[in-house]
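Let's take a friendly walk through a protein model, from its strands to its rings. Have the sequence and the 3D view at hand.

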Amino acid sequence: MFLRKLLILLLSVFSVVSSFSQTGVLRGKITEAGSKELLPGAAVQLVNNLTKGTVSDMDGNYSLVLDTGNYLLFCAYIGYVNDTFSVHIQTDAITEKNIDLLTAAKFLETIVVSSGKFDQKIEEMTVSMEVIKPKLITGKNTTSIETALEQVPGLTIIDNDPQIRGGSGFTFGVGSRVAIVVDGIPLLSGDAGRPEWSYIPVENVEQIEIIKGASSVLYGSSALSGVINVRSAYPRSTPKTVINYSVGSYSMPDAPAENWYGSSLPGFTNLNFLHSRIIKNNLDFVVGGNFNIDQGYIGPPPPQPPIPEYARDEFDTIHTFTNQDMLKVRGRLNFNLRYRSKKHVGLNYGINANGMLNKTNMVLAWFNDSTGLYKGYPGAVFLENQAIFNLDPFIKYSKNGVSHSLVTRLFHTDNVITNNQSNRGTLYYGEYQLQRIFKNLDFTFTGGIVGSLSESHAQLYKSSGSPNNRIANASGYAQIDKKFWKILNLSGGFRYEYFKMNTQQSVVAPIFRAGASLQLMKATYVRASYGQGFRYPTITERYISTRAGLFGVYPNPDLKPETSNNFEVGLKQGFKIGKLAGYFDIAGFYQRYKNTIEYLFGVWDPSSSLVVGFKFLNTGESQVRGVDMSLVAATPETNKRLGITALIGYTYVEPVSLTPDFVYGHDHSFGGAGRDLSYANSSMDTTGNIMKYRFKHMVKADVEFKVYRFTFGVSYKYYSRMQNIDKAFEDVEQLTAALDFIDDIKVVNYWKTHNGYSLFDARIGYNINKKSKIAIVCNNVFNVDYSLRPLKIESPRTIALQYVCTF
């Protein structure tokens with residue numbers, strides 16, 4: 001009996017041991033297809049059980065113990081196309097499976113994160129998006145990021161102010177309707193909501209994603225018209241150092257402008273550098289910087305005639321400047337540190353930082369519209385010394401399809417400006433985000449809470465009652481994304497915003513969005529989306545009060561938030577002709593705005609009918625509708641002999657005032673008597689009720705050819721005539737013509753006689769070897785004198801010699 005029980009026990013133990021031993025090992029190496037570069041940190045998981053998986057080590061190796069049987073797994077890595085594969089695991093056996101991941105750009109299956117804050121293929125997006133790659137940024141010898149952004153279809157940058165599909169006029173960049181974010185965190189100044197383009201590290205860009213249309217649900221108030229998200233690059237397994245140096249000069253304008261710079265042409269020089277590496281297998285380190293010297297193409301204003309005693313109370317003292325004063329000098333240094341925990345897989349934390357010292361200038365108006373195009377007007381030129389820095393601590397944890405992220409930013413600006421224009425401010429920002437990906441359900445939930453505090457000190461804003469001002473903002477958001485039958489993508493989101501400025505009454509706003517994308521055929525996608533936008537005014541828009549000579553900017557403490565409703569339908573069609581692959585995209589859009597905020601020119605000072613300037617005003621309701629088309633194409637980078645890349649687009653917008661007779665303000669022209677102002681009586685051209693400072697037609701194109709070691713690139717930009725501007729410019733011309741102690745302001749004739757602009761850039765490069773490239777880059781090849789907003793001339797032709805070394 002005892003022997004029988006012992007035998008049964010031994011058999012049971014053997015059975016249990018046998019059942020536990022019925023496992024095998026899946027292992028292999030994960031590399032980039034073609035280059036065979038190792039990919040550390042790539043995830044390998046079971047499709048139907050995300051809790052089971054692993055991550056590749058620093059040598060790209062992965063290993064996973066599985067029970068015997070058949071499995072469907074996938075491998076994912078940011079910036080690469082996911083790879084799904086099947087394996088059969090045998091008992092006590094090792095199954096080898098090496099994985100080669102294609103970079104997203106190989107077949108233009110570009111991976112983006114901006115729309116849903118998680119990896120998505122661009123063709124499956126429910127909104128319109130364009131992507132700029134580092135190749136274009138480097139090829140155009142970009143020293144400040146807006147140079148590359150100007151090639152994006154539907155995006156225009158007018159005097160630092162980004163416009164997407166005619167969603168705004170020009171505002172000197174104040175109160176941007178486009179959110180500028182770096183790695184998902186806002187980078188607009190806290191007091192003015194103004195982008196600092198030269199502050200963005202152009203030397204370390206993975207890609208730039210531009211969302212067209214309201215994106216306030218995920219990105220908050222400033223995303224009324226869209227988002228520009230700059231994504232930084234992190235190190236790969238091989239250390240990399242890049243040095244990019246260029247030197248060049250401005251050409252003499254073809255316009256009959258006076259030569260302000262003497263016998264030598266004004267020049268510029270620029271140095272970008274970058275070094276990235278992985279230290280001890282789990283510490284990512286990136287350092288980069290920029291040094292730039294630029295004489296600029298606009299000279300100092302000529303001396304102003306003495307002001308008669310009877311008019312001295314009307315005008316402030318006007319500074320005189322020299323060519324040396326106008327010289328611009330900039331230095332910037334940045335670093336990224338990210339530690340990836342070995343003990344807790346999926347945990348990473350670190351800090352990113354950037355700092356800049358910048359000696360620059362701001363020119364509000366040209367001297368005149370003929371011989372003085374390239375000189376500033378007395379009293380309309382300001383010298384500026386900037387000190388800017390940000391610190392971004394963060395911590396992120398991801399496991400089993402659940403991600404937690406806490407990102408923060410301290411962003412400080414200190415601007416010392418002539419004529420008592422100085423200001424400083426600090427933005428404190430924090431965001432916690434939870435994301436849950438249900439891979440087997442093709443369902444993603446994203447939610448988060450955001451808090452920010454903007455504090456500013458400036459005499460400019462003392463019309464509020466104090467030079468110290470603040471805005472507090474708190475919000476919460478949630479978005480869900482679901483895929484059905486592998487062809488239909490649905491997306492919906494909600495955000496609740498809270499704002500309070502100083503002691504003003506707080507404002508709350510719920511915001512919604514929804515969208516759908518349907519794959520009709522293998523490379524044919526249709527989409528439709530609806531999104532609400534909300535933008536709260538900045539401190540600058542409400543409280544700025546300043547004067548310099550003939551010009552001023554005036555406060556409007558009663559300025560209200562503006563809102564929008566955006567609708568879009570679109571089609572994206574992929575194609576492949578031989579080795580050339582790409583897609584064509586067309587979208588029709590409709591945007592409806594309430595309490596539209598415009599930056600308008602006039603006589604706003606109740607104490608003087610001689611001083612003119614700008615003021616932010618709610619101008620009623622408006623709409624923008626139109627069509628946006630783009631074509632993106634490229635040949636594989638693996639083709640070393642011949643290649644082509646192209647980004648081509650056309651945008652038509654019809655921006656219309658829906659309340660042309662709405663009285664939005666009262667100016668003090670006509671000797672102080674003034675008048676009530678509406679769109680109808682303040683516009684130079686009311687045909688079709690087209691809004692001020694917009695272009696109805698825009699064409700953008702950039703094409704680059706590769707022939708063995710040579711590259712040839714050409715860019716084209718077309719802007720149609722700006723149909724409408726403020727009628728007050730006529731009044732100002734009459735006013736200055738009647739005063740013999742100030743120079744005449746001239747703008748209307750230039751506006752009337754310039755009917756659109758066609759601009760060409762060109763570049764040619766030669767790859768000396770795998771590490772070195774030399775290029776000649778020419779912008780505005782035909783030296784066209786052109787103006788994108790009244791009183792401001794754009795750059796004449798520039799020619800630069802560029803050298804890039806990568807090792």
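In which sense do strand β18 and strand β19 pair, and over how many bridges? Strand β18 (residues 240–250) and strand β19 (residues 267–279) are antiparallel partners, with 10 bridges between them. Before going on, a word on the source: this is a predicted model, in which local features need pLDDT of at least 70, side-chain atom pairs count only at pLDDT 80 or more, and totals for chains, interfaces and linings use all residues. Residues are numbered from 1 along each chain as its sequence is written, and side-chain values use heavy atoms, with hydrogens and water left out.

**Strands side by side**

Strands are DSSP runs (E, at least two residues), numbered from the N terminus, and two strands pair if DSSP finds at least two bridges between them.

Another set of strands is built around β34 (residues 580–594), which pairs with β33 (residues 562–577) in the antiparallel sense over 15 bridges. Phe567 stands opposite Tyr590 in β34. The hairpin of β33 and β34 has 2 residues between the strands, and Gly578 takes a positive phi near 60° in this hairpin. Strand β34 also runs antiparallel to strand β37 (residues 622–634), with 13 bridges joining them. Here Phe584 has Leu631 in β37 as its bridge partner.

Most residues other than glycine have a negative phi. Where do Asn420 and Trp485 sit? Asn420 is in the loop between β24 (402–417) and β25 (423–438), and its phi, near 60°, is positive. Trp485 is in the loop between β27 (468–484) and β28 (488–501), and its phi is positive too, near 55°.

Are these residues buried or exposed? For the terms, buried means under 20% relative accessible area, exposed means over 50%, and partly exposed lies in between (1.4 Å probe, protein chains only). Asn420 has a relative accessible area of 67%, so Asn420 is exposed. Trp485 has 68%, so Trp485 is exposed.

**Inside the protein**

A nonpolar core is a set of buried Ala, Val, Leu, Ile, Met, Phe, Trp, Tyr and Cys residues joined through side-chain atoms within 4.5 Å. The largest nonpolar core has 121 residues, and Leu149, Ile208, Ile228 and Tyr377 touch the most other members. Strand β14 (residues 178–182) gives the largest share of this core, 5 residues. Apart from it lies another core, of 19 residues, with Ala42, Leu66, Ile89 and Ile99 among them.

What does Ile228 touch? Contact means heavy atoms within 4.5 Å. Not counting residues up to four places away in sequence, the contacts of Ile228 include Leu149, Val178, Trp197 and Ile208.

Leu759 belongs to strand β43 (residues 757–767). Its relative accessibility is 3%, so Leu759 counts as buried. Beyond residues up to four places away in sequence, Leu759 touches residues including Ser715, Tyr719, Asn780 and Tyr786.

**Rings and charges**

Rings of Phe, Tyr and Trp (its six-membered ring) pair if their centres lie within 6.5 Å; planes under 30 degrees apart count as stacked, over 60 as edge-to-face and the rest as tilted. By this rule there are 22 aromatic pairs. Two of the tilted ones are set out here.

| Pair | Centre to centre | Angle between planes |
|---|---|---|
| Tyr339 and Tyr349 | 5.4 Å | 45° |
| Phe710 and Tyr766 | 4.9 Å | 50° |

Phe710 in strand β42 (residues 710–719) and Tyr766 in strand β43 are 56 residues apart, so their pair links distant parts of the chain. Phe710 is partly exposed at 38% relative accessible area, and Tyr766 is partly exposed at 29%. One aromatic cluster is formed by Tyr250, Phe268, Tyr297 and Tyr374.

Finally, a charge sits over a ring if NZ of Lys or CZ of Arg is within 6 Å of the ring centre and within 35 degrees of the ring normal. The charged end of Arg436 sits over the ring of Phe438, 4.3 Å from its centre. The charged end of Lys482 sits over the ring of Phe484, 5.1 Å from its centre.

Notes: Helices (H or I, at least four residues) and strands (E, at least two) are DSSP runs, numbered from the N terminus.
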